[in-house]
Amino acid sequence: MRLLLIVVTAALVCLGTATVANSDNSGTAKIPGCAPQCLRPSLIEPGNLPAGKYQTSNFFASEMTLSFAKGWFSGEDSTGEFWASLKSDQTARVIFWEDVYAAKPSGSGTWRRVGPLMQTSANLLAWLQTNPNLTVSKPRSGRIGTIHARVVDIGVSDGAVNDDPGCPAKACANFLLYPQWGEPYGLAGKSVSRFYFSDVRYGGKRHLFAAVIEATGRAELNAFAPTARKLIATARVPASQG
C-alpha cells in the first residue's frame with residue numbers, strides 16, 4: 001500500500017534507472033502515446049535537490065521540469081511518480097502522477113480497477129465522490145503549471161471501513177492504482193490532501209496528469225499549501241490540454 005507518507009519501493013527492487021533526456025519541453029510529440037505503460041519501469045532516489053531547474057530522470061518520460069527553491073528533497077523519480085518535500089519537514093509532500101485510476105478491494109489483499117478504461121478528471125472525480133470511505137470537497141479550478149486542473153481536498157470519512165490490516169490509524173481508505181505497480185494509494189485517519197487532476201494529450205493519446213499536496217491533517221495542509229502551490233506552478237511538461 002502506498003499509504004500517506006510511506007513510499008513503497010519493494011515492488012520495484014529489480015528496476016534500473018533511466019538517463020536524463022535533453023528537452024526544451026516544446027511540442028507534444030516527444031513522448032509516445034503509450035507512455036508510461038510501455039516504458040521500461042525505472043526508479044531513482046534523487047535526494048537533496050539543488051536550487052534551480054530540475055529535469056526528471058524518469059517521470060513523464062524524463063520530460064518534466066520543475067524549479068526548486070533551496071531546501072527541497074526528493075525520494076522518488078520513477079516512470080510513474082515524482083515526489084518532493086521540504087528537508088526541514090518531510091511529513092508533507094508534493095507528488096506528481098500519470099494515469100492513476102480508481103480502484104477498490106477485491107478480497108485477499110488484492111485490488112481491482114473500477115470505472116472507465118480511459119480515466120479522465122471528470123469520471124475519476126465522479127467515482128471518488130461516490131466512495132463512502134472518502135470525503136471529497138466541491139471541485140474548483142486550478143493549474144499544474146500552465147495546464148488547467150480540477151482541484152479537490154480528499155480525506156477519510158468518519159464512517160470509513162478500514163481496508164488495510166496494517167493501517168496506523170482507526171481507518172485507512174485506499175482508492176487509486178498505478179499503471180506500473182500493484183500497491184494501492186490511500187489515506188489514513190485524519191489525513192487530508194489536495195488533489196489536482198488534469199486531462200492532457202501527448203503522442204496522439206489522452207492521459208490523466210495529477211499533482212497532490214499530501215498532508216497529515218487540515219492544519220498541515222493549510223500551512224504547506226502556499227509553498228506547495230509555488231512548486232506546482234513551475235511544472236512544465238510537453239503535453240497539451242486534453
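Which cysteine is joined to cysteine 167 by a disulfide? The partner is cysteine 172, with the two sulfur atoms 2.0 Å apart, a disulfide being a pair of cysteine sulfur atoms within 2.5 Å.

Residues are numbered from 1 along each chain as its sequence is written, and side-chain values use heavy atoms, with hydrogens and water left out. The mean pLDDT of the chain, where pLDDT is the predictor's confidence in each residue from 0 to 100, is 88, and 88% of the residues reach 70 or more. Over residues 3-27, however, pLDDT stays under 50, and for this stretch the model has 64 contacts beyond four places in sequence, a contact meaning heavy atoms within 4.5 Å. Where pLDDT is low, the predicted coordinates should not be read in detail.

The structure holds two disulfides, and when the bonded cysteines of the chain are numbered in sequence order, the pairing is 1-2, 3-4. In the link of cysteine 167 and cysteine 172, the torsion about the S-S bond is about 90°, so this disulfide is right-handed. Cysteine 167 is buried at a relative accessible area of 14%, and cysteine 172 is buried at 0%; here buried means under 20% relative accessible area, exposed over 50%, and partly exposed in between (1.4 Å probe, protein chains only). The other disulfide joins cysteine 34 to cysteine 38, S to S 2.0 Å, and with 65° about its S-S bond this link is right-handed. Cysteine 34 counts as partly exposed at 40% relative accessibility, and cysteine 38 is partly exposed with 41%.

Attention can now turn to helix α2, residues 121-130, whose buried residues are Ser121, Leu124, Leu125 and Leu128. Those residues cover an arc of only 95° around the axis, which puts them on the same side of α2, the arc being that of the directions from the helix axis to the C-beta atoms. They pack against several strands, including β9 (101-107), β13 (147-156) and β17 (205-214); helices (H or I, at least four residues) and strands (E, at least two) are DSSP runs, numbered from the N terminus.

A last stop is asparagine 58, placed in the loop between β4 (52-55) and α1 (59-62).

Terms used:
This is a predicted model: local features need pLDDT of at least 70, side-chain atom pairs count only at pLDDT 80 or more; totals for chains, interfaces and linings use all residues.
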